[in-house]
Amino acid sequence: MMALRLLLHLTFLGLGTTQPLAQQQGFSVPAFDWPSSSNLNSPQEVPDLIQIPNNGSKPLVVDVQVFVSNVFNVDILRYTVSSTLLLRLSWLNTRLALNSTGHQRNPVMLPWDVLWRPRLTVREALWVNWQDKSPQARVDRDGHIEFDLALTTETNCDFELFHFPRDQSDCHLTFFAFSNTVTELEFQVHAVNEIVSVKREFVVQDLKTQIPPQHLVPCFQVTLRLQNTALKAILTLLVPGEALLLADLCGGLLPLHTERIAYKVTLLLSYLVFHSSLIQALPSSSSCNPLLVYYFTVLLLLLFVSTTETVLLTGLLARGNLRAEDSPSPALNGEQHNRGKPGPNPEEAPGAGKGSRRSWAEAADRIFFQVYVVGVACSQFIFIALWMWATCKSDPAPGAASPHGGQPRL
């Protein structure tokens, strides 16, 4: 009943009513100092609950509790993340304080559009869905107002993907109250992690809040620290890449022949197809690209060098065999000078030259295989060392050092 009467008086206020609120309704007289009809046209004299409550020389303190209930749709290719939050805002408005002699002790629920409340804007948001279109504020007898805002939003996030897929990134949600100044409004923020599901590719490792410095409008920032579980990337990227590299090493044990060329070329073509799909699956950045991009490029170069070596040695060996078969045997030339004397078999000389050329090619192939194994092992150790100890700091954003919310530069 009391809430209904309060709503009627607030409505009459907007229409210019001059009747004062009675003492028996539970509100103290100083809370609503209604003007007389002669002063209705003076905006300085008309009390308006839509305006920010006056806190003297100090800014109005609004306590904000941020409840994070879900983080989903983490898209590293688009650099976006979706989250569901509940903002519980509370502040003191002495104009709504109940009279101590009143009998009304229960809180009053008022529509959001009859009271002042911070109008929040998320700076990083692509879209925001406020789930309750007509929320209500709870007003206690001492004038404390509590206001809940539930929202789902998709925001930009500068993922640090240098160590992808074991990356860890901080995603920010910055809330601005552009309708007020820092001399009028101040936020005190606390965060609560209410995420109960851990069956995600990205998990929230930490949740913290802060008040960004050097801003011209009141704001607060919520930071989500996301950790990649890496299981999907390991199974789809690292395992196939290492399997192809191991298959290439095993191919070096095959003898130099056309079948070995076919084996190597098949591996190289397979890896080219894998590499083309891999580039589309890995994110790209203007700075600090993932180490896996360079790693898989090195694997491609190793497979290319191995295939080239096999083709060259097999081709040189086949050409040498053709020349040996086409050239006349020296034993046949000296046969007419040494008739009657036992001489070597004409078929043995070409075979001896052919065997020496094959032994030379096999020796070169054996040396290359040993060097190749050492090179592959060194590349793996170098990659592991870079993965463990190398760091990369992204370039700062162009507007990171400038205050937000000021006048635009002409």
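Me: What does the side chain of S169 reach?
Reply: The backbone nitrogen of E160, at 2.8 Å. Keep in mind that this is a predicted model.

Me: Where does S169 lie?
Reply: In strand β8, which covers residues 168-176.

Me: Is S169 buried or exposed?
Reply: Buried, with a relative accessible area of 2%. The cut-off for buried is under 20%.

Me: Which residues does S169 touch, leaving out those up to four places away in sequence?
Reply: F159, E160, L224, R225 and L226. E160 is also the residue whose backbone nitrogen the S169 side chain reaches.

Me: What about β8 and β11, how do they pair?
Reply: In the antiparallel sense, over nine bridges. Strand β11 covers residues 219-228.

Me: Which residue is the bridge partner of D170 in β11?
Reply: R225. That residue also touches S169.

Me: Which sheet holds β8 and β11, and in what order do the strands come?
Reply: An open sheet of four strands, in the order β4-β8-β11-β10, with antiparallel pairing. The edges are β4 (121-122) and β10 (202-210); each has a single partner strand, so one side of each is left without a neighbour in the sheet.

Me: Other strands now. How do β1 and β2 pair?
Reply: They are antiparallel too, joined over 10 bridges. As an example, D63 stands opposite S90 in β2. β1 and β2 form a hairpin with four residues between the strands, and Y79 there takes a positive phi near 55°.

Me: How many bridges join β2 to β7?
Reply: 13, and the two strands run antiparallel. One of the pairs has T84 with T152 as its bridge partner in β7.

Me: Changing topic: how many salt bridges does the structure hold?
Reply: Eight. In general, side chains of opposite charge can pair when their charged atoms come close.

Me: Which residue does R88 meet in a salt bridge?
Reply: D148, with 3.0 Å from N to O. R88 is in strand β2 (residues 80-92) and D148 in strand β7 (residues 144-156), so the pair ties together parts that are 60 residues apart in sequence. Those two strands are also joined by the 13 bridges mentioned above.

Me: R88 and D148, how accessible are they?
Reply: R88 is partly exposed at 26% relative accessibility. D148 is partly exposed as well, with a relative accessible area of 30%.

Me: Which residue forms a salt bridge with D140?
Reply: R138, the closest N and O atoms being 3.6 Å apart. D140 has a relative accessible area of 27%, which makes it partly exposed. R138 counts as partly exposed at 39%.

Me: And what about D248, which residue does it form a salt bridge with?
Reply: K264, with the closest N and O atoms 3.0 Å apart. This pair links distant parts of the chain: D248 sits in helix α2 (residues 231-251) and K264 in helix α3 (residues 258-281), 16 residues apart.

Me: Is D248 buried or exposed?
Reply: Buried, with a relative accessible area of 1%. K264 is buried too, with a relative accessible area of 3%.

Me: Last one: where is K58 found?
Reply: In the loop between α1 (2-15) and β1 (60-75). K58 counts as exposed, at 60% relative accessibility.

Me: What separation do the C-alpha atoms of K58 and L185 have?
Reply: 8.6 Å, although K58 and L185 are 127 residues apart along the chain.

Key: Residues are numbered from 1 along each chain as its sequence is written. This is a predicted model: local features need pLDDT of at least 70, side-chain atom pairs count only at pLDDT 80 or more; totals for chains, interfaces and linings use all residues. Side-chain values use heavy atoms; hydrogens and water are left out. Two strands pair if DSSP finds at least two bridges between them. Buried means under 20% relative accessible area, exposed over 50%, partly exposed in between (1.4 Å probe, protein chains only). A polar contact is a pair of N or O atoms within 3.5 Å; within protein, one must be able to donate a hydrogen and the other to accept it, and residues adjacent in sequence count only if both atoms are side-chain atoms. Contact means heavy atoms within 4.5 Å. A salt bridge is a side-chain nitrogen of Lys or Arg within 4 Å of a carboxyl oxygen of Asp or Glu.
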